[in-house]
Amino acid sequence: MVGIVTYGSYIPIYRIKTAEIARMWGDKPEHPEKGLGLFAKSVPAYDEDAATIAVEALRNALRRKNIPGDKIGAIFVGSESHPYAVKPTASLIAEVLGAYRAHAADLEFACKAGTAAMQNVYAMVKAGMIDYGVAIGTDTSQGQPGDALDYSASAGGTAYIIGKDEVIAEINHTVSFVTDTPDFWRREGQRYPSHGGRFTGEPAYFKHIMSTAKMLMEEAGTKPEDYDYVVFHQPNGKFPYRVGKRLGFKEEQIKPGLISPYIGNTYSGGTPTGLSTVLDIAKPEDRIIAVSFGSGAGSDAFDITVTDEMENFNRDAAPKVWDMINRAKYIDYATYLKFRRMIVEVD
Amino acid sequence: MVVPRFWRERRSRYSLIGTRCPVCGTVYFPPRSVCPKCGRKSVGKMEEVQLSGKGKVYSYTIVHQNVIGYKYQKPYVMAIIETPEGPKLTGQIVDVEPEKVHIGMPVHAVFRRIAEDGKAGIIQYGYKFIPDEE
Ligand SMILES: [Zn+2]
């Protein structure tokens, strides 16, 4: 059996309300709430980045179950905001773990790099190359100030340790789907991303998630009603409900794994953290489907069953996602700019 | 701080690795290769030990000056943290309003950016502290 052995998430403490962002840019304060289903987004502190978020998420996973560094054979870190353009985040994680005999690499695929990391580790464990591997999705993403993405681009991450012993959630199936779709991009040297406006919805998010979810259920021989929970990539608070309903899922299957209304879009952290939120409450035999989406564009889907081992697993040894959503300190737009290093100073 | 020194100290800075004297049991952080109390009896015998990251505020100060590299963080709190293992650690307390910090406050270590060498230089990571949940 190959699956999740332990998991942990991290969400920075700072938040900005979407109404405050609307005030700044002259939109109606209710616009992001009604139009996007977003109430607040997480903001990294001045001294946080995708690497510090990755370490904190991983430490929360290790608090629940400690896997010694010398047993970890792979480290994949998915992010679109790696602190360095050249110098891996994964080697920092290896040093923190003391995992030196490890295959380590950074991944980047817009918002799906975290699930790509999970798939890579799953494959290496399944192939018998390694006993345990670490997969992390982490981001401190930024939108152009005043752009629609300014309401959603946020910070957070989740770490999974995948192995074959004492598995709390078995990965039954995983599939992916990819096409060359120009819905969102950032050229080298550009500070902020560009996007194809309305093009981001139908041919990108909906097409890829729906195709991948259908492919997964066909291969697994399942139907939407076989699942207790469904987690989708969550760029806002509306898309997951819309795509879920089109696929035949009900609101009560979608809602528990949907946290973007309160913390925004954590990009590579998105689907992994939605899944983490579900694992915080899941019981043995619960079945979960998780489907990510990364612009450019592709989706990874996972069919997961919670095992009896969850009863022995020390979930309370680390903060749950909702504990971290609830410990929020709200800041204004000026402080947000300061934390995000967006104030231009004359040298 | 220069890159080579930071590189040598990375394990203790990232993971709070100190050393323990097997003769008298004293724990040292930063790590020492000889126990000052036991001298040559401890040579070659010091054991690595990872601190739990837990602690209490022993003393602190709130910095309002414009220290280079801290302009965006001021006012910030620098504290001496008393650990249950013994050593006292100096570090910043973050994610807190400075006026809420008090002596005896329970805190724990978190992983943060400590410094960066300009816009093109190396980023130094290490420990800071945040208050425990009330
Ligand atoms: Zn001694």
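Trainee: How much area do domain 1 and domain 2 of chain A bury between them?
Mentor: About 4600 Å², 58% of it on carbon and sulfur atoms. Buried area is the accessible area (1.4 Å probe) that two parts lose on being put together, summed over both. This is a predicted model, where local features need pLDDT of at least 70, side-chain atom pairs count only at pLDDT 80 or more, and totals for chains, interfaces and linings use all residues. Residues are numbered from 1 along each chain as its sequence is written, chains are lettered from A and ligands numbered from 1 in the order in which they are written, and side-chain values use heavy atoms, leaving out hydrogens and water.

Trainee: Where are the domains in chain A?
Mentor: Domain 1 is 3-169 + 311-339 and domain 2 is 171-309; the bounds come from an automatic or database domain assignment.

Trainee: And how many residues of each are in contact?
Mentor: In chain A, 61 residues of domain 1 are in contact with 54 residues of domain 2; contact means heavy atoms within 4.5 Å.

Trainee: How many salt bridges cross that interface?
Mentor: The rule finds 2 between domain 1 and domain 2 of chain A. A salt bridge needs a side-chain nitrogen of Lys or Arg within 4 Å of a carboxyl oxygen of Asp or Glu.

Trainee: New topic: what is the strand order in the open sheet of chain A?
Mentor: The 9 strands run 5-4-6-7-1-8-13-12-11, with mixed pairing. Strands (E, at least two residues) are DSSP runs, numbered from the N terminus, and two of them pair if DSSP finds at least two bridges between them.

Trainee: Which strands are at the edges?
Mentor: Strand 5 (103-107) and strand 11 (229-232) of chain A, each pairing on one side only.

Technical notes: Helix = DSSP H or I, 4+ residues; strand = E, 2+ residues; numbered from the N terminus.
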